[in-house]
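Me: Please go through this model with me, beginning with the terms and conventions that the description of its packing will need.

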Amino acid sequence: MTQLFSDRTTAEAAANKLKSFAQPLRLMILSCLIDGELNVGKIDDATGIGQPALSQQLAALREAKLVKFRREGTQKYYSITDENAELCIRCLNLMTSGDTELASAVHNASLGGSAKPAKPSGGLGVAGFATIIE
């Protein structure tokens, strides 16, 4: 794995990916889609974005290759195409959830064993964390 600090090309690619997320309506759409495919009407109902803005942001997400769609009759169904994008949105949801105990467990687990992971309440440990966010 290349660390961002050691490779400018990788850092630029990461920054460009982040630009695709750097819009509140896009974050709302992606967050809405992390649990699976939805049609445009359901996305609109869940987010309250409104049809013109929703179409514009879905087009930007398609262009960034973060979402894909399939057509069924007159309906378009959208889903996230990039597992890394899904992981990023899940992390952003976690970071903004206010659940500091779970965020601490994720942080410690991401250290690759250099620190002991904190156990979420209920003694679930890191394996339990995977179950919690899925």
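Reply: Axes are lines fitted to C-alpha atoms, for helices over the stretch in contact, and angles between N-to-C directions run from 0 to 180 degrees. Helices (H or I, at least four residues) and strands (E, at least two) are DSSP runs, numbered from the N terminus. The model is predicted, so that local features need pLDDT of at least 70 and side-chain atom pairs count only at pLDDT 80 or more, while totals for chains, interfaces and linings use all residues. Residues are numbered from 1 along each chain as its sequence is written, and side-chain values use heavy atoms, with hydrogens and water left out.

Me: In what pattern do the helices and strands follow one another along the sequence?

Reply: The chain contains seven helices and three strands. Read along the sequence, these elements are arranged in the pattern α-α-β-α-α-β-β-α-α-α.

Me: At what angle do helix 3 and helix 4 pack, and how far apart are their axes? Is their crossing left-handed or right-handed?

Reply: Helix 3 covers residues 40-47 and helix 4 covers residues 51-63, and they pack at an angle of about 115 degrees with their axes 11 Å apart. Angles under 35 degrees count as roughly parallel, over 145 as roughly antiparallel, 65 to 115 as roughly perpendicular and the rest as oblique, and helix 3 and helix 4 are therefore roughly perpendicular to each other. A crossing is left-handed if the near helix is turned anticlockwise from the far one by less than a right angle, and right-handed if clockwise; the crossing of helix 3 and helix 4 is right-handed.

Me: Which residues make the contact of helix 3 with helix 4, and how do they divide by class?

Reply: Taking contact to mean heavy atoms within 4.5 Å, helix 3 contributes Val40, Ile43 and Asp44, and helix 4 contributes Gln51, Leu54 and Leu58. Ala, Val, Leu, Ile, Met, Phe, Trp, Tyr, Cys and Pro count as nonpolar, Asp, Glu, Lys and Arg as charged, and the others, Gly among them, as polar. On that basis, the contact of helix 3 with helix 4 has four nonpolar, one polar and one charged residues.

Me: How do the residues in the contact of helix 2 with helix 3 divide by class?

Reply: The axes of helix 2 (residues 24-33) and helix 3 come within 10 Å and cross at roughly 115 degrees, which makes helix 2 roughly perpendicular to helix 3. Helix 2 passes helix 3 in a right-handed crossing, where Met28, Ile29, Cys32 and Leu33 of helix 2 meet Ile43, Ala46 and Thr47 of helix 3. By class, the residues of this contact are six nonpolar, one polar and no charged.

Me: Which residues join helix 2 to helix 4 in their contact?

Reply: The axes of helix 2 and helix 4 come within 10 Å and cross at roughly 80 degrees, and the two helices are therefore roughly perpendicular to each other. Helix 2 supplies Leu25, Arg26, Ile29 and Leu30, while helix 4 supplies Ala53, Leu54, Gln57, Leu58, Ala60 and Leu61.

Me: In what order do the strands of the open sheet lie, and which strands stand at its edges?

Reply: Two strands pair if DSSP finds at least two bridges between them, and the open sheet of three strands has antiparallel pairing in the order 1-3-2. Each edge strand has a single partner, so one side of each is left without a neighbour in the sheet; the edges are strand 1 (38-39) and strand 2 (67-72).

Me: Which residue is the bridge partner of phenylalanine 69 in strand 3?

Reply: Strand 2 pairs with strand 3 (residues 75-80) in the antiparallel sense over six bridges. The two strands form a hairpin with two residues between them, and glycine 73 in the turn has a positive phi of about 65 degrees. Valine 67 has isoleucine 80 as its bridge partner in strand 3, and phenylalanine 69 is bridged there by tyrosine 78.

Me: Is leucine 58 buried or exposed, and what is its relative accessible area?

Reply: Leucine 58 lies in helix 4, a helix that lies across strand 2 and strand 3 and runs at about 115 degrees to strand 2. Not counting residues up to four places away in sequence, leucine 58 touches Ile29, Val40, Val67 and Tyr78. Buried means under 20% relative accessible area, exposed over 50%, and partly exposed in between (1.4 Å probe, protein chains only). Leucine 58 is buried, with a relative accessible area of 2%.

Me: Is alanine 46 buried or exposed, and what is its relative accessible area?

Reply: Alanine 46 has its place in helix 3, and its C-alpha atom is separated by 9.1 Å from that of methionine 28, 18 residues apart along the chain. Alanine 46 is exposed, with a relative accessible area of 57%.
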